[in-house]
Each structure stands twice: as C-alpha cells, then as structure tokens.
Amino acid sequence: RASWSKRPKPSWPGRRHVAVQPLLSVRDLRVSFALDEGIVRAVDGTSFDVMPGQVLGIVGESGCGKSVTMKAVLQLVDRPGRIAHGEILSQRDNGSTVDLAKLSPRGAEIRDIRGGEIALIPQEPMASFSPVHPVGEQIVEAILLHAHRWQDTPMSRKQARDIVVGLFRDVGLRREGDVLVVRVAEYPIVNRIALEGNKQVT
C-alpha cells in the first residue's frame, strides 16, 4: 500500500501554486572559537529553514551547538567566537532579504531586527537581563528601540515607562514611586514578559 507521501496530490482547476519563501534560511553555518588550545568548531555546517507558521525544533545532546547556532542568527556569539562561514538569510518585514551573517554585531540593522523581527528567549533567566540594572529600565530601552514598528510618531520615555508599568501590573509585579525597581535577581520570571510587536521568529 502506498504511503500518503507517495500519493498524487489533487489538482484544483484554476488554482495557482504560490511558492512560499522561508522566513529564515540557514545555509552551511560554521561558528568557531579561537582558543589557546586551538580552533573549536562549535557549529560545523548546519543548514535549516523556518517557514511561515512553522514550529521548528532543533534537538541534540548538551554541547552540540544548539545555543551557539541560535546566537549566531542574531549576531550574539560571545568572543572569541565568530561566524566563520555560511549564510543566514532573513526575510525582513519590508519584503527584502538580508544575510544576517554579514551584518555588524553592533550595527543599526541587526539591532532593529533583534526583538523586532526575531526574538531570542534564553534558557537561563539570569542571562536575559543585566542583574545590576532595573529590569523596568531595560524593557523601556527595548520599547523605545522598536516603537517605530507600531506607531508613526516618536515615543517619549514617559510613554514607554507607562507601557512597562502596565506590563508589570498585568503579571503581578510591583512598582515603587516613580522608579521601576524590579530586578532580575528578585523576579527571575520577568524574562517571560512579551513586548507587543510583530516578531516573525521566536
């Protein structure tokens, strides 16, 4: 008996086939770390696609390079690591395609993409925010960076802080006076707060 995958697909009269482009296409990605002991190839030739509406899971044993791969997508590989080879093609909101592997880690374009179109949720809560700065102020900075995505006029810092206060109130976090004092060491679950936006890949 033929499997479903081998059965002919039905033909619909008058229906055009529209090719769907991947939101994210990683091709032959290689990330290496130059150590005193030699070159460590943390990621060696990884390729995958993320299609619209698709949930893609990358599974592997501890230390196989899953986290490094995800950090490379957003140019967040810690030194002395670097992207040695490959393409990371991302479909931008404006319809253009950009190779993230060629962007400067500190450049304006990758900063606009981080958190705006592609989001990274670290497995370790303490790695999500700076433990020595108020969490509220860190979220304010993220809102100000991406506010142009949902409103045409510039957003003031007060407006951003009001949004953060509302988010904190929604999840039961407190606010003292005019200062957002919640710290990551006090509320590690705060890294689950999601900012409203149009993220394509999380």
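A search of the whole structure, which is a predicted model, identified 10 salt bridges. R92 forms a salt bridge with E109, the closest N and O atoms being 3.3 Å apart. E109 belongs to helix α2, whereas R92 is placed in the loop between β3 and β4 (97-99), so this pair ties together parts that are 17 residues apart in sequence. R92 also forms a salt bridge with D112, for which the closest N and O atoms are 2.8 Å apart. This second pair likewise links distant parts of the chain, with D112 in helix α2 and R92 in the loop between β3 and β4, 20 residues apart. Through shared partners, salt bridges join R92, E109, D112 and E117 into one network.

E109, by contrast, is partly exposed because its relative accessibility of 35% lies between the limits of 20% and 50%. A further salt bridge was found between D78 and K71, with the closest N and O atoms 3.8 Å apart. K71 counts as partly exposed, at 32% relative accessibility.

In soluble globular proteins, nonpolar side chains tend to be buried together. In the present model, the largest nonpolar core has 22 residues. Those with the most contacts inside this core are L24, L29, V31, I88 and L100. Two or more residues are given to the core by each of β1 (24-35), β2 (38-50), α1 (66-73), β3 (81-91) and α2 (108-113). The largest share, five residues, comes from β1. A second, separate core contains 11 residues, including F129, V140, A147 and A160.

The surroundings of L29 were examined in detail. With its neighbours within four places in sequence left aside, L29 is in contact with V43, D44, G45 and T46, with T69 and A72, and with I83, H85, G86 and I88.

Helix α1 was then considered. Its buried residues are V68, T69, A72 and V73. Viewed down the helix axis, the buried residues of α1 fall within an arc of 145°, so they line one face of the helix. An α-helix has 3.6 residues a turn, so residues three or four places apart point the same way. The cover over the buried residues of α1 includes β1, β2 and β3. Just after α1, Q75 adopts a positive phi of about 55°.

Nonpolar residues were also found on the surface. L56, I58, M70, L76 and L120 form a nonpolar patch there, with about 360 Å² of accessible area together. I58 counts as partly exposed, at 39% relative accessibility.

The C-alpha atoms of A142 and R111 are separated by 10.0 Å, although the two residues are 31 residues apart along the chain.

Technical notes:
Residues are numbered from 1 along each chain as its sequence is written. This is a predicted model: local features need pLDDT of at least 70, side-chain atom pairs count only at pLDDT 80 or more; totals for chains, interfaces and linings use all residues. Side-chain values use heavy atoms; hydrogens and water are left out. A nonpolar core is a set of buried Ala, Val, Leu, Ile, Met, Phe, Trp, Tyr and Cys residues joined through side-chain atoms within 4.5 Å. Buried means under 20% relative accessible area, exposed over 50%, partly exposed in between (1.4 Å probe, protein chains only). Helices (H or I, at least four residues) and strands (E, at least two) are DSSP runs, numbered from the N terminus. Contact means heavy atoms within 4.5 Å. The arc is that of the directions from the helix axis to the C-beta atoms. Patches are made of residues with over 30% relative accessible area and no salt bridge: like charges are joined within 9 Å, nonpolar side chains (Val, Leu, Ile, Met, Phe, Trp, Tyr) within 5 Å. Accessible areas come from the Shrake-Rupley method with a 1.4 Å probe; for residues, only the protein chains shown count as cover. A salt bridge is a side-chain nitrogen of Lys or Arg within 4 Å of a carboxyl oxygen of Asp or Glu.
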